[in-house]
Amino acid sequence: MRVVKKVGLIGGGVIGSAWAARLLINGIDVRLYDPAEGVERRINDVLDNAIRAYRKMTLAPVAINGVLTRVDSVQQAVTGMDFIQESGPERIDIKKALMQEICSYTDADVIVASSSSGLLPSEMQAGVNHPQRLIIGHPFNPVYLMPLVEIVGGGQTTAQVKQAAAKFYQNIGMHPLIVKREIEAFLADRMMEVLWREALHLLNEDIATVAELDQAICYGAGIRWSFMGPFETFRIAGGEGGMRHFMAQFGPSLKWPWARFDGPDLTDQLLDTLVAQSDEQAAGRSILELERNRDDCIVSVLQALRSNDYAAGKTLKRYEEKLYEVSHQAAMSESDAGVHDVRQPLKLHTDSVQPEWTDYNNHMTESRYIQVFGDASDALFRYIGVNQDYHAQGFSYYTAEAHINYIREVAVGQPLYVTTQILAGDQKRLHIFHSMHLGRDLGRDLSEDLNGGDTLLATTEQMLLHVNTHQGRVCPARADVAERVAKLVSAQANLERPIQVGRSIGTK
Ligand SMILES: NC(=O)c1ccc[n+]([C@@H]2O[C@H](COP(=O)([O-])OP(=O)(O)OC[C@H]3O[C@@H](n4cnc5c(N)ncnc54)[C@H](O)[C@@H]3O)[C@@H](O)[C@H]2O)c1
């Protein structure tokens with residue numbers, strides 16, 4: 001199967017626009033077809049949400065690295081693409097027609113996935129070209145944050161196609177789950193449907209309100225479910241006797257049964273109650289506010305699981321390693337290709353002031369200056385060859401001393417860039433000077449601004465020590481890293497020393 005660099009997206013609604021965000025953040029170009037008006041606005045909102053969430057989730061460099069093109073037909077969206085993800089309306093007649101059209105314009109080795117929540121892939125395979133490459137790739141909302149994607153093959157899908165799709169989804173930070181046999185609604189939605197039916201019965205019978213039923217999940221089982229499914233949970237609930245004891249105790253209730261098989265009739269009264277109580281629960285918060293709150297909470301959960309190296313936290317950890325490696329490779333190829341004039345301060349890091357970085361004056365708060373300088377140091381480390389493998393071998397640079405000059409305030413949304421001057425360095429030390437400037441346009445070529453005299457916002461002088469992290473002591477850098485440092489030191493030896501270098505605080 002192909003290396004996926006370009007993806008064709010059919011449908012840019014809730015799910016299609018969030019697929020676009022995940023793909024673009026992963027540096028994959030996207031061509032999107034959706035006949036509706038207003039798709040651009042929705043995609044921009046979703047991209048904003050996604051970038052905001054990723055920046056909270058990880059310190060690894062993230063940006064919209066792919067290019068999005070909106071086109072006017074299915075044919076334009078899929079021709080020449082490496083992978084197709086269809087996210088049109090959930091109707092089998094529409095899906096079948098779309099699949100026939102998509103497959104007629106794509107080569108046999110291009111995987112065509114549908115985001116369908118429950119339709120059978122075998123039905124979509126009828127009458128399409130090369131049906132063996134058609135799968136369901138069922139994601140979860142919001143697609144840019146939720147790791148799970150269920151892969152379901154139809155009767156004609158090959159095992160290699162399912163494996164290749166799993167590999168692709170894994171590469172973009174997801175947790176693919178290949179479903180053994182096709183079945184309507186697959187795994188997760190089947191289980192969720194049981195809960196949803198019972199919740200609607202309990203609401204219909206006025207046993208609890210919408211808000212109370214939500215509390216019954218999110219203050220209890222919901223907390224556990226983010227890292228333990230029903231089986232592991234109930235094993236522990238059985239105590240030392242494990243699952244057998246649990247089943248002896250609670251097995252009989254399965255036959256009573258506690259929950260109902262059919263959903264309630266969707267009467268006007270039930271729908272009115274549901275909508276009124278849902279509005280009351282939202283308390284005037286917009287969908288955007290609710291989405292951002294949802295995203296913030298998902299990010300917190302993923303981060304907590306990452307520190308435990310458990311469940312979806314493992315996926316995040318592995319994905320972050322990939323993000324660091326990708327930016328390291330980019331820095332190395334820039335370094336090898338001589339993209340930067342090493343005789344000048346290096347411009348390796350750009351950013352913009354995020355809404356949550358600001359203080360009560362609506363300016364970037366002090367600690368974020370340190371963060372931006374830290375990110376600039378990380379960019380320099382990547383440039384000199386320090387990557388995840390290097391860290392895994394027990395080597396790193398630590399900041400031993402730093403001095404910051406805060407020169408100008410900067411407001412939310414404003415673009416920044418940092419230039420880095422190498423003042424001195426040897427095998428164990430790196431003496432550097434970062435200058436933070438107000439940028440003009442994040443999207444433009446970085447080299448343009450270098451001598452443009454953009455407003456200086458802050459500077460920092462830093463002494464970094466090369467350490468053996470296992471032994472907790474200073475040690476010489478690996479030969480290749482030391483060599484890159486030496487080259488930079490020599491290239492910048494004749495640069496003028498900025499006036500802030502060596503300054504101390506004092507009053508006249
Ligand atoms: N919403 C969810 O939580 C969720 C979760 C997982 C999977 N899904 C699945 O994803 C798919 C899309 O769902 P959604 O929630 O994004 O729906 P949606 O209604 O938000 O988006 C569907 C989009 O498809 C577009 N469309 C209509 N006809 C089209 C055509 N012929 N070609 C291209 N685009 C067309 C519409 O204009 C619309 O923008 C469905 O199959 C759904 O089952 C949805």
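Domain bounds here come from an automatic or database domain assignment. That assignment gives domain 1 (6-185), domain 2 (189-284) and domain 3 (340-491). The structure is a predicted model, in which local features need pLDDT of at least 70, side-chain atom pairs count only at pLDDT 80 or more, and totals for chains, interfaces and linings use all residues. Residues are numbered from 1 along each chain as its sequence is written, and side-chain values use heavy atoms, with hydrogens and water left out.

**Domains**

- Between the C-alpha centres of domain 1 and domain 2 there are 30 Å.

**Helix H1**

- Helices (H or I, at least four residues) and strands (E, at least two) are DSSP runs, numbered from the N terminus.
- Helix H1 covers residues 14-25, twelve residues in total, and spans 17 Å from its first C-alpha to its last.
- That span is close to the 16 Å expected at 1.5 Å a residue, where the expected value is 1.5 Å times one less than the number of residues.
- Ten of the twelve residues of H1 are buried, so the helix is largely enclosed by the rest of the structure; buried means under 20% relative accessible area, exposed over 50%, and partly exposed in between (1.4 Å probe, protein chains only).
- Among the buried residues of H1 are Trp 19, Arg 22 and Ile 25.
- Gly 27 follows H1 and has a positive phi, near 75 degrees.

**Largest cavity**

- A cavity is a set of points on a 1 Å grid over the protein atoms alone where a 1.4 Å probe fits but cannot get out, and its lining residues have an atom within 4 Å of a point.
- Grid points are joined across faces, edges and corners, and a volume is the space filled by probe spheres set on the points.
- By this rule there are two cavities of 30 Å³ or more, and the largest holds about 90 Å³ of space.
- The lining of the largest cavity includes Arg 22, Tyr 54, Gly 173 and Thr 315.
- Helix H2 (39-57) and helix H13 (312-336) each supply at least two residues of this lining, and H13 gives the most, with four.
- By class, the lining has nine nonpolar, two polar and one charged residues; Ala, Val, Leu, Ile, Met, Phe, Trp, Tyr, Cys and Pro count as nonpolar, Asp, Glu, Lys and Arg as charged, and the others, Gly among them, as polar.

**Ala 477**

- Ala 477 sits in the loop between strand E14 (473-474) and helix H17 (479-491).
- Ala 477 is buried, at a relative accessible area of 8%.
- Beyond its neighbours within four places in sequence, Ala 477 is in contact (heavy atoms within 4.5 Å) with Tyr 390, Tyr 397, Gln 427, His 466 and Ala 482.

Note on methods: 1 Å grid on protein atoms, 1.4 Å probe; cavity = no way out; pocket = protein on both sides within 12 Å on 5 of 7 lines; lining within 4 Å.
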